[in-house]
Amino acid sequence: MVETRSDGEGRSAWRAIETDWAPAPVSAAGGCEDSLFDVLYVITTTPDGERVEAVATTSMIDTSCDKCLIGRWEAANISIVSYMQSLADDGGDDAPTVESVTGTMFLEFEAGGIGAGGYENLIVREIGVGVVASTEVFVTFEGFASGPYAADGSALTVLNETMNILVTVQVPSLGSTTVPFNEGDLPFGSTTPSRYTCNGD
């Protein structure tokens with residue numbers, strides 16, 4: 001007997017064509033091209049046995065697509081300095097000065113509707129003010145967040161299903177500490193669409 005139920009125990013997996021098997025995600029975005037997936041169900045039983053199995057599937061979400069975004073985008077160092085300074089300025093009068101950056105800040109969009117954004121050994125050099133005037137601070141960002149995205153030519157929404165970003169703060173005279181990155185500090189996310197313009201190649 002085979003019966004479909006809304007409850008029960010079990011595991012399910014899927015894979016995009018020509019990729020490894022993985023747990024079925026909560027949602028999947030179609031993106032700029034048709035996405036083909038294999039879904040595998042394996043149900044075992046004994047001769048003359050009777051079991052009831054729950055089989056759950058994941059639905060595809062029809063998302064808007066902007067082909068102009070497809071590919072990898074990297075921020076120029078002068079843009080990163082400006083962006084990091086704007087974040088520091090939110091701290092008020094005691095905000096440090098962002099002197100320079102090295103490394104990479106990037107966004108990457110696949111045609112299949114999956115995007116990623118993050119940092120590759122991005123090191124921000126800051127100079128303190130007030131009681132810590134002239135003190136050098138080095139902040140290193142490493143890692144990325146990824147998940148489905150939707151873009152319609154003016155608004156970008158990203159679902160960060162995977163997050164693996166570390167931040168290391170080093171004060172040469174005092175040592176360093178490393179903490180996980182706060183998702184709320186990402187310049188993009190699923191709560192409020194980010195406005196953008198896209199041109200070039």
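**Exercise 1.** With which residue does glutamate 108 form a salt bridge, and how far apart are the closest N and O atoms?

*Solution.* The model is predicted. Start from glutamate 108: its salt-bridge partner is arginine 72, and the closest N and O atoms are 3.3 Å apart. Glutamate 108 sits in strand E7 and arginine 72 in strand E6 (residues 71–74), so the pair links parts of the chain 36 residues apart.

**Exercise 2.** Find which residues are linked with Arg72 in a network of salt bridges.

*Solution.* Take the pairs in turn.

- The side chain of arginine 72 meets that of glutamate 74 at 2.9 Å, N to O.
- The side chain of arginine 72 also meets that of glutamate 120, at 3.0 Å, N to O. This pair joins strand E6 to strand E8, 48 residues apart.

The network is Arg72, Glu74, Glu108 and Glu120. The structure holds 5 salt bridges.

**Exercise 3.** Is glutamate 74 buried or exposed?

*Solution.* Exposed means over 50% relative accessible area. Glutamate 74 has 51%, so it is exposed. Arginine 72, at 35%, counts as partly exposed.

**Exercise 4.** Which members of the largest nonpolar core touch the most other members?

*Solution.* The core has 15 residues; Met84, Tyr119, Leu122, Val124 and Phe141 touch the most other members. Helix H1 (77–89) and strands E7, E8, E9 and E11 each supply at least two residues. Now look at valine 124: its contacts include Met84, Val98, Val137 and Phe141. Another core, of 7 residues, lies apart and includes Leu69 and Phe109.

Note on methods. Residues numbered from 1 in each chain as written. Predicted model: local features only at pLDDT ≥ 70, side-chain atom pairs only at ≥ 80, totals over all residues. Heavy atoms only, no water. Core = buried A, V, L, I, M, F, W, Y, C linked by side-chain atoms within 4.5 Å. Buried < 20%, exposed > 50% of the residue type's maximum accessible area, 1.4 Å probe, protein only. Helix = DSSP H or I, 4+ residues; strand = E, 2+ residues; numbered from the N terminus. Contact = heavy atoms within 4.5 Å. Salt bridge = Lys/Arg side-chain N within 4 Å of Asp/Glu carboxyl O. Lists of a residue's contacts leave out its neighbours within four places in sequence.
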